[in-house]
Amino acid sequence: MRRAYFKNNWMAALFVAPQLLIIFVFFYWPATQALYWAFTLEQPWGGGNEWVGLENFQYILSDDLYWDSVRVSVIYAVATTALAMGMALLLALFADRQLTGYKFYRVGLIWPYAIAAPAVGLAFRFIFNPAAGIMSYVNQVWPGFWEPTLNGTHAMIMVIIAGAWKQVAYSFIFFLAGLQAIPRSLIEAGAMDGSPFLRRVWDIQLPLLAPTFFFLLVINITDSFTDSFGIVDTMTSGGPARATNLMVYKIYEDGFRGLDYSGAAAQSIILMLMVIALTFFQFKYIERRVHYT
Amino acid sequence: MTRSFIGSTAVLLCLTTGAVAQDNTQFEYWYGLSGQLGDAIVATCDRFNELQTEYEIICVGQDGYANAVQNSIAAFRADQHPVLIQAYDAGTADLMMSGEFYPVHQMMEDFGIEIDWDDYFPGIANYYAASTGELFSMPFNSSTPVLYYNEDMYAAAGIEEPPATWEQFFANLQTLKDAGVECPWAFYPSSWIHLEQMSMAHNEPIATNGNGYDGLDAELVFNTTIHVRHMEDIVEALNGELAYIRTNQSGINARDSFASGECANYFGSIASHQTVTNVVADSGLNWDVEMLPIYEGFERTNTVVGGASLWALSNKTEEEYRGAAAYMQFLATPESEEFWSTVTGYIPVTRTGFNLMVENGFYDEAPYAGREVAMESLTYTEPTENTRGIRLGGFIQIRSEWVSEVEAALAGNQTMQEALDTAVERGNTILRRFERTYRGQELP
């Protein structure tokens with residue numbers, strides 16, 4: 001394989017420097033700070049702190065409700081990823097088949113990605129509103145069918161749909177690009193041999209999409225762990241009864257609202273380690289099954 | 001990431017506002033109120049700036065009480081903080097323990113500004129005072145909860161008077177339902193109303209040590225008081241479809257469902273009086289407010305203030321403090337109080353301010369009639385050990401534990417007693433953690 005490289009390493013460093021600086025200021029610096037706070041009891045106004053070792057971690061890990069928060073985060077991550085990628089794949093297959101109006105869909109389906117999470121949350125809050133939204137018609141027929149303000153499962157479903165809807169666009173772009181990169185001749189050959197559409201999808205397109213699929217899996221899982229804050233905040237505020245209290249939202253609640261900086265910092269560290277471990281796991285075990293062309 | 005974002009935004013704000021050429025002393029004030037109430041704050045700033053030329057106050061909205069405190073902390077740590085911040089009631093203990101403020105009592109004395117501290121209503125002043133009775137922060141927007149009720153619906157159901165007791169209140173719900181009112185009560189789980197203020201009105205403790213005033217080792221006790229029965233009554237009303245949950249998450253909040261004429265009752269801050277007035281202006285709905293009911297067999301005591309006060313943060317120049325003191329002095333004039341209480345539903349905080357408004361006939365006619373109910377509630381008795389206020393660390397988290405557990409009980413996942421037991425247990429863990437963070441220190 002041909003590789004492009006710089007002969008002059010200083011020049012390379014210069015080009016990378018701005019990016020590294022940004023990563024340092026917005027990631028490594030705060031992350032180190034959080035790491036330090038996680039091992040201390042920090043007074044919010046900066047009046048001083050005390051080294052407490054692993055006490056913050058003990059405090060969090062011995063809390064049943066923290067594990068509850070981990071549990072709902074995992075449910076949310078798995079469900080949004082499956083839903084978003086499933087929908088995206090379906091839509092991409094249709095757009096790739098060049099059905100009527102596919103050019104419009106190709107652009108239109110990308111738009112949702114440009115919408116900020118809180119705006120998505122607000123829109124879906126209206127759609128799923130038990131008293132005034134679309135679901136209110138269902139509630140009129142079957143009273144109590146849809147009660148996201150009281151029923152934790154309903155609230156979770158609502159948040160998952162909103163989260164997945166926002167993710168669909170991103171996966172769609174990649175799936176479509178992946179599909180279009182598959183040589184037409186392969187598919188045409190299959191068609192000439194008489195294999196129907198679904199057969200061709202299953203035997204030709206999906207296996208060749210595996211690298212895209214893997215990439216999206218990693219990104220989507222990571223994203224749903226770390227980027228769900230805006231939706232939860234506007235739709236449920238973590239309720240009812242902590243049913244949608246995802247890990248990121250709990251960090252915000254404890255840290256920013258509750259001013260328990262150390263507890264929140266320790267939770268961030270745990271979340272970070274979890275996401276790193278998950279990604280590592282995916283690369284180690286799932287990537288083996290992926291064949292790059 | 002969010003943390004650094006807030007920090008950098010705060011820094012940016014300071015840079016942009018600080019860059020203006022100065023010929024007078026400028027100082028910043030970060031406030032938390034938003035919407036119509038935020039506009040009212042800006043109006044007080046404009047009035048102050050027009051009144052004199054020596055100082056110029058720059059008022060920066062932070063969109064929410066919690067944000068105002070968070071952003072101030074981030075800015076404070078970067079030494080870019082404003083002189084004044086508006087901090088909410090529940091954050092009082094955190095700010096007091098920080099020590100990073102200029103006590104307002106001291107500040108006024110240092111600059112020779114005379115303020116008659118005894119003029120402040122004790123139910124308000126005690127919330128923000130040191131153990132010695134001197135005020136740390138300036139009481140500002142102050143409210144207390146009241147019952148909002150729909151007079152038309154009451155009349156249609158044959159109810160002549162607003163309920164004085166909770167027994168009567170719950171009985172009324174049934175009467176209203178029987179008279180065809182679909183939604184007798186728009187309920188939302190508010191710890192401020194149904195835990196804190198309700199306990200105050202009954203002279204029942206929320207925590208030991210006089211609700212935390214006498215030391216950081218206080219423990220929550222609200223799972224053993226009249227509060228339990230109250231919450232159980234609420235569950236019963238909800239199960240009997242005499243009450244419905246109305247929150248922003250369910251699409252329409254309690255205030256709006258009351259103002260739109262859907263629900264017959266709702267409990268809320270007196271500060272919403274103006275908003276409800278504005279909303280019902282077109283529909284011509286008749287409504288009024290009344291003090292929180294109390295249970296039979298209890299003597300009514302005063303409720304306490306909710307809302308926010310103004311804190312002067314430390315590490316600023318003397319000139320800036322002078323400006324801040326001038327602004328606070330300006331806010332404390334009876335005229336300013338009247339202006340503030342007119343454009344919002346908040347109450348005056350001094351006796352002089354209140355008396356002036358009474359003399360001017362402010363409370364005699366619509367749309368302001370009824371707001372005196374809040375004053376009556378706040379000053380019903382002299383504050384007792386249990387009704388001075390609440391001084392518990394991490395109280396925002398304790399409130400949210402209460403809400404989560406109560407929600408679980410309302411959904412039928414546990415009994416109310418179990419919910420309150422858990423809330424107390426978890427709340428106590430938070431209190432111990434707060435005590436540990438400030439080990440060896442005492443409440444000032």
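In strand β11 of chain B, M138(B) stands opposite L310(B). The model is predicted. M138(B) belongs to strand β5 (residues 138-143) of chain B, which pairs with β11(B) in the antiparallel sense over four bridges.

Two further strands of chain B pair with β11(B). Strand β3 (residues 84-88) runs antiparallel to β11(B), joined by five bridges. Here A87(B) faces S309(B) as its opposite residue. Strand β4 (residues 101-102) is also antiparallel to β11(B), with two bridges. Y102(B) has A312(B) as its bridge partner.

| Strand of chain B | Residues | Bridges to β11(B) | Sense |
|---|---|---|---|
| β3 | 84-88 | five bridges | antiparallel |
| β4 | 101-102 | two bridges | antiparallel |
| β5 | 138-143 | four bridges | antiparallel |

How many residues of β11(B) are buried? Eight of the eight, residues 306-313, are buried, so the strand is largely enclosed by the rest of the structure.

Now the contact between the chains. Chain B gives 33 residues to it, and chain A gives 31 residues. On the side of chain B that touches chain A, five helices each supply at least two residues: α1 (2-18), α3 (65-77), α4 (92-98), α18 (395-410) and α19 (416-437). The largest share comes from α18(B), with seven residues. By type, the residues on this side of chain B are 11 nonpolar, 14 polar and eight charged.

Methods:
Residues numbered from 1 in each chain as written. Chains lettered and ligands numbered in written order. Predicted model: local features only at pLDDT ≥ 70, side-chain atom pairs only at ≥ 80, totals over all residues. Buried ≥ 20, exposed ≤ 12 C-beta atoms within 10 Å, placed from the backbone. Pairing = 2+ DSSP bridges. Contact = placed C-beta atoms within 7 Å. Nonpolar A, V, L, I, M, F, W, Y, C, P; charged D, E, K, R; others polar.
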